[in-house]
Amino acid sequence: MKASGFPYVLPMLLLSVAFFATPLAVLVGFSFIGPDGPSLHNYARFLGDAFNYRVLVNTATLGLQTIASTTLLGIPIALFYWHSGKTARQVIIFLTLIPMLTSNVVRTFAWIVILGRQGPISETFVALGLAERPFTLMSTELGLVLAMCQIDLPLIILPLIAILSRTPVQFTEAAQVSGAGPWRILVTVLLPMMLPGLLAGWILVFASTSASFVTQAVIGGARNVYVPQLIYREVGTLFDWPMASAIAVVLLLSTGILLVAMTMISRHRRLVGHA
Amino acid sequence: MTDTDVNIIDRPHLCLVPPSAKRFDDTAQPKGIFMAEASKAGEGKQLSVRGLTHSYVGQNAISDITFEVEAGEIVALLGPSGCGKSTVLRAIAGLIQPKSGVMQLGGQDLANVSARSRGIGMVFQNYALFPHLTVAENIAYPLACQHVPRAERRERVEEMLSLVQLKSYGNRLPRELSGGQQQRVAVARAIAGRPSLLLLDEPFGALDRALRFDLQVELLHLQKTLGITTLIVTHDQEEAQSLAGRLVLMNKGNVEQIDTPMAVYDRPKTLFVNTFIGQANVLHGTVERLDAEATTIALPNGNTVVLPRRLNFTVGSKVTITFRPEDVRLSTAASGFALPARLTVSVPLGPTLVHDLLLEDGTGLRASQVRGPSTFIPEPGAKLFAEIDTTRCHAFPSEPETSRQ
């Protein structure tokens, strides 16, 4: 009989149960505490409020905008990596990883400087005559998307690089010899082959963006409210733990649904074989 | 079965039947569809390569490669791995820009024609079938690039699928096919756009031996019926010999010889060709005497070999003489110029018996003979005498490396 590996998994299993599954269960349990015993009261109150509904949509929009911008930036970088030599590849990987190696606080404060009225963006625009007077991108959606884009770029570049480094150049050569131009190669060969990596990257970017409390709070400011700030308000200001739990569960579920959807797409028979 | 038996009895000298036209009829008959396709196929064009030179980091350098492929001909670029044959192929396909040299396809200079507009079909070593496209979509790919209307595209894909005998496989994905089937899809995709030149880069390399031969015969059929000019790159001499009408032998970025498979085997121009194609015994020696009709060569072990013709060497020059294993006769009794040798091992290989021998000075020697029911198999270690058929020996100037040793 084959020896079971169970004893070796046990420590990890206990750790996950103690520090992940249990708190999660407590959180979910908390969310059902109503004023008069267990009920769906918190969910009804949260989803019934038009303001909260807008916050949910805002958060999803922020996630989608970040996904779009990281994808548009990430694909060329990944393709550049694919065509580069050894040293250039290392440089690209290093530059890609820098945002992940810097502390969230340092990163966020750097963006405050960059996006501010005396920051390089504003000054460049004024110098080029594209703007009449200095402006700030702080507390704007554009500024927030810019910052999120830089922070989450590695999350989309790394899966793409992983896929491309396993993809032989012969595929593009075969398309070239068949008579395909560069755009046709990109659309009919490269993008479909990168799709599994993109799906993985999109899940990571969405999860990261929708939960990045510090960046949202500092750069997004008070004008745009996102779900994590809502949770913070319930916990820190209103001390309504059951309500905070309910909102957290809603955020978790929406990200979870996206994850399941992406996974189902990536199981498509055309996407399974390669990458 | 009985049909072929009768055929063989009818024509006892099967291998000697000369007119090739008759043979072509025989092969085309059972595959009636092929003849119908032939009229629709694009005409093969003549390819000429002159002075092709390229060197680049990461690519095997080639220098001054010159050869021609006539319209409708199959030519094989044959050589050991790293000899630059793939570089030549990639330059012709337009995937790399050679440093210098002229390439012409059907009289048109390819220098300023991009890879996508050269009208060339190519089968890649690992087939490079698009994994996310079905077999039919893969075959339709070059047609879509040529903006062939949808209805015609579908028709052409069907035609290609039946041509490579994969009719019911159109909706499968490449990974759902066996290696041989993938190879056939790659060929179908390469010829779907009716190219005037077909390039194949080690097309059978990933297949097992038994399957390889079947697919080679199939490719030959296809090529003959479509009449596409074909250039195939391979390191497998058997593959090259069974497919190509002429071989271009390459070594270290240079062309060593261009000839028919038989001529390359029988009359190798260089020592490399001699040892690369088939097996060859190599003996080093010095020219000792030059007569009008004979050359005496002294071997380091004191024996001499007399070739029955005058060689173009001066007395005292170092030469390398080569001969095929089948040109060595073994006997138990000493005679004339026979070299004494000790048998290491005898191996039966199908219809032949291969003997490995050691000469007195430790040089290895290989002899082969056709095996019959009464063939005497000597014991390993037996002292024998190897008589060389000197009319079939080749002599080459010794390479600097070997003479320095």
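## The side of chain B that touches chain A

In this predicted model, 20 residues of chain B are in contact with 20 residues of chain A, two residues being in contact if their C-beta atoms, placed from the backbone, lie within 7 Å. The elements of chain B that give two or more residues to this side are strand E6 (120-123) and helix H5 (135-145), and H5(B) gives the most, with three residues. Helices (H or I, at least four residues) and strands (E, at least two) are DSSP runs, numbered from the N terminus.

By residue class, the side of chain B that touches chain A divides into 13 nonpolar, five polar and two charged residues. Here Ala, Val, Leu, Ile, Met, Phe, Trp, Tyr, Cys and Pro count as nonpolar, Asp, Glu, Lys and Arg as charged, and the others, Gly among them, as polar.

## Basis of the model

Residues are numbered from 1 along each chain as its sequence is written, while chains are lettered from A and ligands numbered from 1 in the order in which they are written. The model is predicted, and local features need pLDDT of at least 70, side-chain atom pairs count only at pLDDT 80 or more, and totals for chains, interfaces and linings use all residues.

## Chain A

Chain A has 13 helices and two strands, and its C-alpha trace spans about 75 × 70 × 30 Å along its principal axes. Of its 275 residues, 30% are buried, that is, with 20 or more other C-beta atoms within 10 Å of their own, those atoms being placed from the backbone. Among the contacts of chain A with a separation of 6 or more, 71% are between residues 24 or more positions apart.

Among the elements of chain A, helix H8 (residues 170-178) has the highest mean pLDDT (94) and helix H13 (residues 269-272) the lowest (80).

## Domains and hairpins of chain B

Chain B is divided into domain 1 (47-266) and domain 2 (279-404), with bounds that come from an automatic or database domain assignment. The centres of the two domains of chain B, taken over C-alpha atoms, are separated by 40 Å.

Strand E11 (residues 281-290) of chain B pairs with E12(B) in the antiparallel sense over four bridges, where pairing requires that DSSP finds at least two bridges between two strands. A hairpin of four residues joins E11(B) to E12(B), and B:Thr286 stands opposite B:Ala298 in E12(B). E12(B) also runs antiparallel to strand E13 (residues 304-307) of chain B, joined by four bridges, and B:Leu307 in E13(B) is the bridge partner of B:Thr295. Five residues lie between E12(B) and E13(B) in their hairpin, where B:Gly302 in the turn has a positive phi of about 100°.

How values were computed:
A residue is buried if 20 or more other C-beta atoms lie within 10 Å of its own, exposed if 12 or fewer, and partly exposed in between; C-beta atoms are placed from the backbone. pLDDT is the predictor's confidence in each residue, from 0 to 100.
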